[in-house]
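Look over the sequence and structure first.

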Amino acid sequence: MVDMLSLADLCKELSISIATGRNWVKLGKLVPTTTIKRTPCFTQKYVSQLKKDLQNGKIPALKSRRNKKYISGNSIYRSYVSETSENTASVQSIIDMIEDNEIEITEELTLALLAECALQLILDRTEKVSETASLKGFISGRYQDNPYLFLVSDLLEQNTFTAETIEKCGDLLTTRFIYEHNEDILGLLYLSLKNIGNRKATGSYYTPTNVVKKLCTSLLLKNEPEGKTILDPCCGTGNFLLQLPASYTPEHVFGNDIDAVSVKLARINYALKFMIPEKQMIYSHITEQDYLLFSPDLKFDFIIGNPPWGYEYTNAQKEILLAKFVSASGSNIESYDVFVEQAFHHLKPDGILSFILPEAFLNVKAHRPIRNILLTENSIQYVEFLGNAFDKVQCPCILLQCIHTGTAFSSVGLTVNDGTRTFIIQQERNITADCFSFRTTDEEYHLLDKIKNHGHKTTLNRQADFALGIVTGNNKKFITDEKREDNEMILKGSDLCKYRFHDTDHYIVFKPESFQQVAPTQFYRAEEKLLYRFICNQLVFAYDNRKTLSLNSCNILIPQIPGIAIKFVMAVLNSRIAQFYFKKSFHSVKVLRSHIEQIPIPVADKVAQENIIQLADLLISATDENTIIEIYDKIDREIAEIYDLSREEHILIQKSMREENLFLF
């Protein structure tokens, strides 16, 4: 049966895990053609149709899955240009027309629409023609005197466009566009037409204009651009180059990309921004190359942009990258890491790199090699925490601006914008490649250091059991809101508050063999355990001595520190002091085991522990909100004393946590 694909093959085609594939088979979302040696198998025809249906959105059961590589849909990315852009409505009308008439977006149609838009922008910018330009007129020989129109010919060169071809596009080519300074309308139209799956596969996330402007503004605040060269090595259609201020001259501005259409559009944007009709200058300054293969002799004063995230390299490409880049390690090479490393190679002495990157660059273990490179010969000028800055992408990101000093890293003078405040680090810090944490002022940093290096402290590292909550694989199937004799209550993370949990009306029959993923039963049935919210930007730990079951949003911790009671550990982890340490050190929306294991636990004598435990028991049984807050504050003061914090230091922590949800109710 040559044309049959195994479940593993199908999962690879759809870019999903085998565990997810098995679950979809179990739920009936995937229907095997046959089963060979207990392995589900599918015909090539079935898989091809499945991918088409996913692209067209015809399978609603799979629309919500997190990996959307094959889910398409053509929408306009409004944030890519300014809110005041006059061309946004024109792009939207084209997309609406395509969707309303169910028009297939072919390469030929895409190029025709881009060429029509480019023609209008060029003539509006250079000649201010009153009539609406037309691609049909261009193909028939009109506008030949305009020196910029070779750029439109470049767009069309790989296709044979005739008047009949243009007629097929119908009303799609009647939309009016006008030239707007510093607005990447060509880019907006192009990315709105591109398939969402194609962007994901190539790691392309187009940067909103407000973020691009932030980068260009921050670059100017600390650096004089006059006479200095600037490169965007992954320029796309040229939005970063368009946002550069007038102080940058065209002979010093360079862009590069591997996407042929993007490069052609960037050339148009570059030519119209600086009013340069010379072919040689345009072609030499905006190039189509693989930046990772650039000659090391090329040096620039500034390198800016948004490098690709999660680019899927071939095995052959991986071999080249592994041999060339220190930051390329293992089977999963992160594209933005090697782009940063390459940029450091191409900076002049005291040159500046300014990139938009995922926040994970600062603290995730996989990026330790590139952080180590940064520490060796570079320092950071500016970092701004942007949050989720990209349309429909849940990934906190940063603006990172580094200076290539040629000497070891120094934190002095680093400006930080954490989204709520801006401050400058005035004192040298001990920064290691393990984690870059810059969300603290000097005062907060010294306080963190005091907590971390407390003379009588321990940690939960190797002194605790951790277990995941149950992953059923199908909550609708296994969980009911009806209590029966054969089922029992199961908790979600949202059922937890600090110290205790709310009884819920979610019930399950505990049959571990039926679930997709489950921890050993003894962890759920422990005599005492702590339950904590996994998806949360706060530490929320609840005490359980009822052997209660929990789902995977509600994980398990069983401390085993000699001489330290479980309720004392709970009180410490629920304190403002621990939350301050967690937030300033990790700033994560997930409470990971590695985070919990690093939090310093002060060693207290039995009397001090018993005092805390009595207060914890009072809080657990209390029902009045004011009483709960009063007890919590008293526990907090007691724990601050055990950490040997002064009143002023505790007040600093309280102020820092003032706007935080305490999760007490």
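The second largest cavity holds about 40 Å³ of space. The model is predicted, and the protein averages a pLDDT of 90. The cavity count comes to three, taking those of 30 Å³ or more.

**Second largest cavity**
- Its lining is made up of L121, I178, Y179, E180, E183, I185, N269 and L272.
- By class, five of these lining residues are nonpolar, one is polar and two are charged.

**Largest cavity**
- The volume of the largest cavity is about 80 Å³.
- Lining the largest cavity are 13 residues.
- N363, F436, S437, R439 and F586 are the lining residues that lie nearest its centre.
- Two helices, helix 17 (360–363) and helix 23 (576–585), each supply at least two residues of this lining.
- The lining of the largest cavity splits into six nonpolar, four polar and three charged residues.

**Confidence**
- A pLDDT of at least 70 is reached by 93% of the residues.
- Residues 63–73 stay under 50 in pLDDT. For this stretch the model has 34 contacts beyond four places in sequence.
- Residues 196–201 also stay under 50. Here the model has 19 contacts beyond four places in sequence.
- Where pLDDT is low, predicted coordinates should not be read in detail.

Technical notes: Residues numbered from 1 in each chain as written. Predicted model: local features only at pLDDT ≥ 70, side-chain atom pairs only at ≥ 80, totals over all residues. Heavy atoms only, no water. pLDDT = per-residue confidence, 0-100. Contact = heavy atoms within 4.5 Å. 1 Å grid on protein atoms, 1.4 Å probe; cavity = no way out; pocket = protein on both sides within 12 Å on 5 of 7 lines; lining within 4 Å. Points joined across faces, edges and corners; volume = space filled by probe spheres on them. Helix = DSSP H or I, 4+ residues; strand = E, 2+ residues; numbered from the N terminus. Nonpolar A, V, L, I, M, F, W, Y, C, P; charged D, E, K, R; others polar.
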